[in-house]
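Subject: Structure handover

Hi,

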Amino acid sequence: MKDEDATDGGVLLRGETNVAVRIKLEREARGWSTNALSDRLNEAGFEMNPSAVWRIENGKRRINLDEAIGFADVFGLDLRNLVGPPQLAAQARAMELIDDVVDAFRGTQRANAAFTVARDAFDAYVAEHPDIREEAEVAVSSAIAEEASKQLMKTYGPPPSEPGAAAPADEA
């Protein structure tokens, strides 16, 4: 692990570099020496001497998975949080929000796939039944527009009053 593996302090560092930086940040935030961290690791059943902690933090020694689990355990962190970009991982709320965004994106992907399947089945059906095509298309379009309108109202509230329109009686 070399310094050139990092992106000059940027958010996206390599995994082991992230862990090394994060270990040092977490240790220092707690006011622990490398000796104190080593003692805590040993008490938790993860054998490590202070020299090894220093070497990991300074990129002179690689960290194995069991050791990473030990550090996460001692710091009370999720392993995924330990290996994430330190600038974000240190902010637990940022990591939660990133997870929420990714989960929501996955949900939209599943919903888009389901919509495509349903729309393809609908299109195939009306192609076989041209006598109902126009009414079915209007029904689908109307229902989609109504759902879109409901979602817009839920998200943004009612549209603002038109300029020059009379104000509601309770605002006058």
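Start at helix α2. Its residues Thr 34, Asn 35, Leu 37, Ser 38 and Leu 41 meet Pro 50, Val 53, Trp 54 and Glu 57 of α3. By class, this contact divides into five nonpolar residues, three polar and one charged. Keep in mind that the model is predicted.

Now the geometry of that pair. Helix α2 covers residues 34-43 and helix α3 covers residues 50-57. They pack at an angle of about 110 degrees, and their axes are 8 Å apart. Since angles of 65 to 115 degrees count as roughly perpendicular, that makes α2 roughly perpendicular to α3. The crossing of α2 past α3 is right-handed.

Helix α2 has another partner, α4, which spans residues 65-75. Here the axes come within 10 Å and cross at roughly 100 degrees. That makes α2 roughly perpendicular to α4 too. On the α2 side, the contact uses Leu 37, Arg 40 and Leu 41. On the α4 side, Gly 70, Phe 71, Val 74 and Phe 75 meet them. This contact has five nonpolar residues, one polar and one charged.

Next, helix α8, residues 133-156. Gly 157 follows α8 and has a positive phi, near 80 degrees.

Last, confidence. The chain averages a pLDDT of 84, and 81% of the residues score at least 70. Confidence is highest in α2, at 97. It is lowest in helix α6, residues 86-89, at a mean of 68. Over residues 1-13 the pLDDT is below 50. Beyond near neighbours in sequence, that stretch has 21 contacts in the model.

Best wishes

Key:
Residues numbered from 1 in each chain as written. Predicted model: local features only at pLDDT ≥ 70, side-chain atom pairs only at ≥ 80, totals over all residues. Heavy atoms only, no water. Axes fitted to C-alpha atoms, helices over the stretch in contact; angles between N-to-C directions. Helix = DSSP H or I, 4+ residues; strand = E, 2+ residues; numbered from the N terminus. Parallel < 35°, antiparallel > 145°, perpendicular 65-115°, else oblique. Left-handed = near helix turned anticlockwise from the far one by under 90°. Contact = heavy atoms within 4.5 Å. Nonpolar A, V, L, I, M, F, W, Y, C, P; charged D, E, K, R; others polar. Expected span 1.5 Å × (residues − 1). pLDDT = per-residue confidence, 0-100.
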